[in-house]
Amino acid sequence: MLKSLQIENYAIIEFVRLDFHQALTIITGETGAGKSIILGALGLIRGKRADTKVLYDLNKKAYVEAEFSLSASRFSALFAALDIDFQEQTIIRREIRPSGKTRAFVNDSPVKLEQLKALADRLLDVHQQFDTLDIQEPDYQLHIMDALAGNLENLAQYELLYAQCQGEKSQLRALERKQRSALKEQEFIAFQLKELLEAELYAGEQEELEQEQKQLSHAEDIKRVLSGLVMGLTEEEPSLSEQLTVMSNQLYTVSDYQKDLPELAERLEGLRFELEELSNGLNRIAEDTEYDDERLEEVNERLDLLFRLQKKHHLASEEELLELQEELQQQLDSFEGLEDQIEQLKSSIIKKEKQLWQQGKALSAKREEAIGPFEGQLRELLQQLSMKYARLKVDLAEAKELGPKGIDQLRFLFSANKGGRLEEIRGIASGGELSRLALCIKSMMAGAITLPTLIFDEIDTGVSGEVALQMGQILQQLSAAHQVVSITHSPQIAAKARKHYFVHKEVIKDRTVTAIKELEKEEERVEELAKMLSGNPPSAYAKANAKELLAR
């Protein structure tokens, strides 16, 4: 339940605090006194956005703080799901700073507006004047029936599966578009890939070919130079090798006479051996080097192919051509896999649609069962509100296709008068009739949906007298199982209060502010009810009538 509400520096409220009764709390006051401001402050608690326009003093922050007394068994799981620490005495606080920045806290821990809204939606149900229009909407009518039929959990499962099915249908449409486009591209991509595959590319080939091309093009120069070197190193008389041998022998003849000479002699002899190996290597290369006109032509043709492919695809190397080849192959593979994906999705959609039809029929059956009791109980409640001949009929028909809420098309048909034709509520029900319908339906739904606190903003719009008195009795009955807060202009409803607040304006230091006073004494309540009945100052008859209302 909502225990208290504190508001500071908000709109024309400097500071107010309201403590709520666990049953029925009534708030009254003249039009424009600030009752709607209280609802606006509650809107902040419910996660609605705000800006600095609501600041009473532009140099100070505004805050709204609501304290709730909650049951762990009913709400600890919700808090855990929202990643908020649960406390039985929970405080929700919203702050609006002069800079425009707003912050939200639950039990002193910062929370996001999405978390706050999800929490407050389970704690408070606020019915404002314009909410009577909801009753005219088919989706809200369906929501009413699902709440009364105990369908909400099953409906959530249906909605989840429906969303998954719709997601797969969207995927399927995208894949089918891709497939249609692919058919146009596939032939061209396949041609490009075939050309690259036939080229039998491999990494590093271009560098190898260019090296071979240089070798073949300069074969005669290579052979001439190397042959000359071999002759000079080892074959002509005297060769460099022979000269080194003579030098080495000479060095050995004196190596015993100086300690460093043996090592130098060995090094000189090593040079001779290395020179001979060098000569052998050069000779092998010279013998293997032959000018091959046919091979040179093959190399040139291969390089021409590589360069042509690179130029065609605006690439710089055979490595990039190989990357392109891999990309083209993947594209072709993806095209070939499209058909499989499409078939898998179609199969999954068929399966889900079958499940949805089954779940939809189960939802429909429970809605059908709830219609009779709903129509009967609503008729009794409307009779209490002086709508003796009012009838509301629920028209439920199976749709031709699956919808987001099931397989049903539902509408409320209404007639307020005896013998009147049943028609859709929109356009046929007056404002007062809509208010009474809204109260009756809301009171029925309250038992089906767990909401600790119900807040009604002028639910009495368009009604007065005995009807308003009956509405007050319904609110009083509703408050036996739920905390109810009602903002009203009706003295008949106000008389049912367990706690009564009077909202008025005061002028303090040349500024108009909203003030709230709890009417604790009977004479204060009599005075307020009498003013609501006849004006200010109230007549003696109005005061007597007010006392009678309080006594009923």
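Which helix does Gln-141 lie in? Gln-141 sits in helix H4, residues 138–149, where helices (H or I, at least four residues) and strands (E, at least two) are DSSP runs numbered from the N terminus.

Before I go on, a word on the model. It's a predicted one, so local features need pLDDT of at least 70 and side-chain atom pairs count only at pLDDT 80 or more, while totals for chains, interfaces and linings use all residues. Residues are numbered from 1 along each chain as its sequence is written, and side-chain values use heavy atoms, with hydrogens and water left out.

Okay, back to Gln-141. Gln-141 counts as buried because its relative accessibility is 2%; buried means under 20% relative accessible area, exposed over 50%, and partly exposed in between, with a 1.4 Å probe and protein chains only. Leaving aside residues up to four places away in sequence, Gln-141 touches Ile-135, Gln-136, Leu-410, Arg-411, Phe-412 and Ile-425, contact being heavy atoms within 4.5 Å.

Phe-412 and Ile-425 take us to the cores. The largest nonpolar core has 56 residues, and Phe-374, Leu-378, Leu-392, Phe-412, Phe-414 and Ile-425 have the most contacts inside it. By nonpolar core I mean a set of buried Ala, Val, Leu, Ile, Met, Phe, Trp, Tyr and Cys residues joined through side-chain atoms within 4.5 Å. Helix H12, residues 431–446, supplies the largest share of that core, with nine residues. There's also a second, separate core of 46 residues, including Ile-7, Ile-96, Ile-455 and Val-485.

What does Leu-392 touch, not counting residues up to four places away in sequence? Its partners are Phe-374, Glu-375, Leu-378, Phe-412, Leu-413, Phe-414, Ile-425 and Leu-437.

Now the sheet. Six strands make an open, mixed sheet in the order S8-S12-S13-S3-S14-S15; two strands pair if DSSP finds at least two bridges between them. Strand S8 (124–127) and strand S15 (511–518) are at the edges with a single partner strand each, so one side of each has no neighbour in the sheet. On average, neighbouring strands are turned by 20° against each other, direction ignored. Axes here are lines fitted to C-alpha atoms, for helices over the stretch in contact, and angles run from 0 to 180 degrees between N-to-C directions.

Phe-502 is opposite Lys-517 in S15.

One more spot: the loop between strand S13 (483–487) and H14, which is where Ser-490 lies. Ser-490 is buried, at a relative accessible area of 5%. Gln-492 is in helix H14, residues 491–494, and counts as buried at 13% relative accessibility. The side chains of Gln-492 and Ser-490 make a polar contact at 3.1 Å; that's a pair of N or O atoms within 3.5 Å where, within protein, one must be able to donate a hydrogen and the other to accept it, and residues adjacent in sequence count only if both atoms are side-chain atoms. Not counting residues up to four places away in sequence, Ser-490 touches Asp-460, Ala-468 and Met-532, while Gln-492 touches Gly-465, Ala-468, Leu-469 and Leu-549.
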